[in-house]
Amino acid sequence: MSAMDLDQPGAGWASGPQFDPDLLRLYYARLFPYDQWCKWMAYNSDEPGTGSQLARRELSLTLADDVYIRYQCFTNAKEMKSLMTKRQPHKIDIGAVFNCVPRDHLSVKNFRPESRELVFDIDLSDYDDVRTCCQGATVCKKCWQYMTCAVKVCESALREDFGFEHIVWIYSGRRGVHCWVCDETARELTNDARLAIIKYFSVVSGNENQAKKTQLSSPLHPSLERAYRLLEPLFVEHVIGANGQGLLASPERWETLLKTLPEEIGGQISKHWSKNGSDTSPLEKWEALKGLCVSEKPNQAKKQKRATVPELWKYETVFSQCYPRLDENVSKHRNHLLKSPFAAHPKTGRVCVPFDARQVASFDPTTVVTLRQLAYELDQHSGEDDVPDLDKTSLAHSVRFFERDFLHPMMKSWARSRRDDAEYAAALKGDF
């Protein structure tokens, strides 16, 4: 397809593959939000040219036929657009800010990453042992609720426990989400500090062959108490019933859960439910199971003759199903690469759009805009010719959200911080 064809897409845009070179060329030429992307990555830096944070940021590109090139960089949005339209990458990954321009890495003796956002990668395939509706790369609105659980827990902990403010959540384009924590303190974290934070979120372990995947101890940490309060309603709504994952909706499913109880108790309930299980709803079953839980007092376990269900069992059950499952390797190193926001996923053609963490439950990954849909929307636009291309498409909503709810508040925070620093320096000098 010629450049003229790209400027004036025809009726053929309405059908066909969601990702191909022509669609990609159109997207990079007319729709990718270069200005917003560069304002984010520059972090209000006033360093000139190649000394700026933006210029020292690594971009890794995967081209057609899996050609992989690292250490790409640029100093402004114009240069970025030139690079993207020339290379037409099928995948864009963001790396660290290094101590020099990345393309000069071979000529620098002590080439090293200096800063990088704290990032989380959460993938639905890591929930394959608990989700029943889909497996592998497939996703539906039912199993997306595991992402709802993960986002709510991480969002609350990052803001309330760590005090981070500038957080943006991105749909990965296929089966998961990425979290970018962009506060200056987060970007300057050492690898050891990043590992400590990821361990803070490490609750679920084991594999599909283990009925019990959490090991909690009493007293429970306040962050886990808060997580339970967030997750238990979602567990009830999306996990136990037949309209969700069906954990307490059929004998095959509830037998797996009953195996996590003390053997004597689990066996008795199994016999009762095998005869009368249809008499109670999944919610009633869950409430009955919670009613069995008792708090253990010091030395009580030694004196107790009859089997009991420990209070921690209900927490372990909810967490085994719903607690975030993070990819540790992505988070623990400054120089780990992660897919860029607003890139398009080569398998689905869907754009990696930001979303509102407060509305994550209503986010539908199956309706996220694709490259072909964007091309069709450009073709169908019948309004004023001087309207920016972005505003002719549904991608505009995502870019405006990125600006309004993430980028602009962060830029105001930078300005406020600079003003405070200037006033403090003036006070030290007595220059009022």
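The paragraphs below go through this structure from the whole chain down to single residues.

The model is predicted: local features need pLDDT of at least 70, side-chain atom pairs count only at pLDDT 80 or more, and totals for chains, interfaces and linings use all residues. Residues are numbered from 1 along each chain as its sequence is written, and side-chain values use heavy atoms, with hydrogens and water left out.

The chain holds 16 helices and eleven strands; helices (H or I, at least four residues) and strands (E, at least two) are DSSP runs, numbered from the N terminus. Of the 432 residues in the chain, 49% are buried. Buried means under 20% relative accessible area, exposed means over 50%, and partly exposed lies in between, with a 1.4 Å probe and protein chains only. The chain exposes about 21300 Å², and carbon and sulfur atoms supply 48% of that area. Such accessible areas come from the Shrake-Rupley method with a 1.4 Å probe; for residues, only the protein chains shown count as cover. Among the contacts in the chain with a separation of 6 or more, 67% are between residues 24 or more positions apart, where contact means heavy atoms within 4.5 Å.

The buried residues include Trp313, Lys314, Glu316 and Phe319. Around them are helices H5 (141–160), H8 (222–238), H9 (251–258) and H11 (282–291), together with strands S8 (293–294) and S9 (309–310), against which the buried residues of H13 pack.

Two packed helices are described by the angle between their axes and the distance between the axes. The axes of H8 and H13 come within 10 Å and cross at roughly 70 degrees, which makes H8 roughly perpendicular to H13. Axes here are lines fitted to C-alpha atoms, for helices over the stretch in contact, and angles run from 0 to 180 degrees between N-to-C directions. Angles under 35 degrees count as roughly parallel, over 145 as roughly antiparallel, 65 to 115 as roughly perpendicular and the rest as oblique. H8 passes H13 in a left-handed crossing; a crossing is left-handed if the near helix is turned anticlockwise from the far one by less than a right angle, and right-handed if clockwise. On the H8 side the contact is formed by Leu224, Glu225, Ala227, Tyr228, Leu231, Glu232 and Phe235, and on the H13 side by Lys314, Tyr315, Thr317, Val318, Phe319, Gln321 and Cys322. The residues of this contact of H8 with H13 divide into nine nonpolar, two polar and three charged. In this grouping Ala, Val, Leu, Ile, Met, Phe, Trp, Tyr, Cys and Pro count as nonpolar, Asp, Glu, Lys and Arg as charged, and the others, Gly among them, as polar.

H2 contributes Leu23, Leu24, Leu26, Tyr27 and Arg30, and H15 contributes Leu371, Arg372, Leu374, Ala375 and Leu378. The residues of the contact of H2 with H15 divide into eight nonpolar, no polar and two charged.

Trp414 lies in helix H16 (residues 395–429) and counts as buried at 12% relative accessibility. Leaving out residues up to four places away in sequence, Trp414 touches Lys39, Trp40, Tyr43, Asn44 and Arg187. Ile94, in strand S3 (residues 91–98), is buried with a relative accessible area of 0%. Ile94 and Lys339 are 245 residues apart in sequence and 6.1 Å apart in space, C-alpha to C-alpha. Glu155 lies in helix H5 and is buried at 15% relative accessibility. Apart from neighbours within four places in sequence, Glu155 is in contact with Ile167, Trp169 and Ala357.

The backbone also has a few details to look for. The peptide bond from Ser218 to Pro219 is cis, with omega near 5 degrees, and Pro219 sits in the loop between helix H7 (191–200) and H8. Asp65 has phi near 60 degrees, a positive value in a residue other than glycine. Asp65 is in the loop between strands S1 (57–62) and S2 (68–72), and is exposed, with a relative accessible area of 75%. Phi of Tyr71 is also positive, near 60 degrees, and Tyr71 lies in strand S2.
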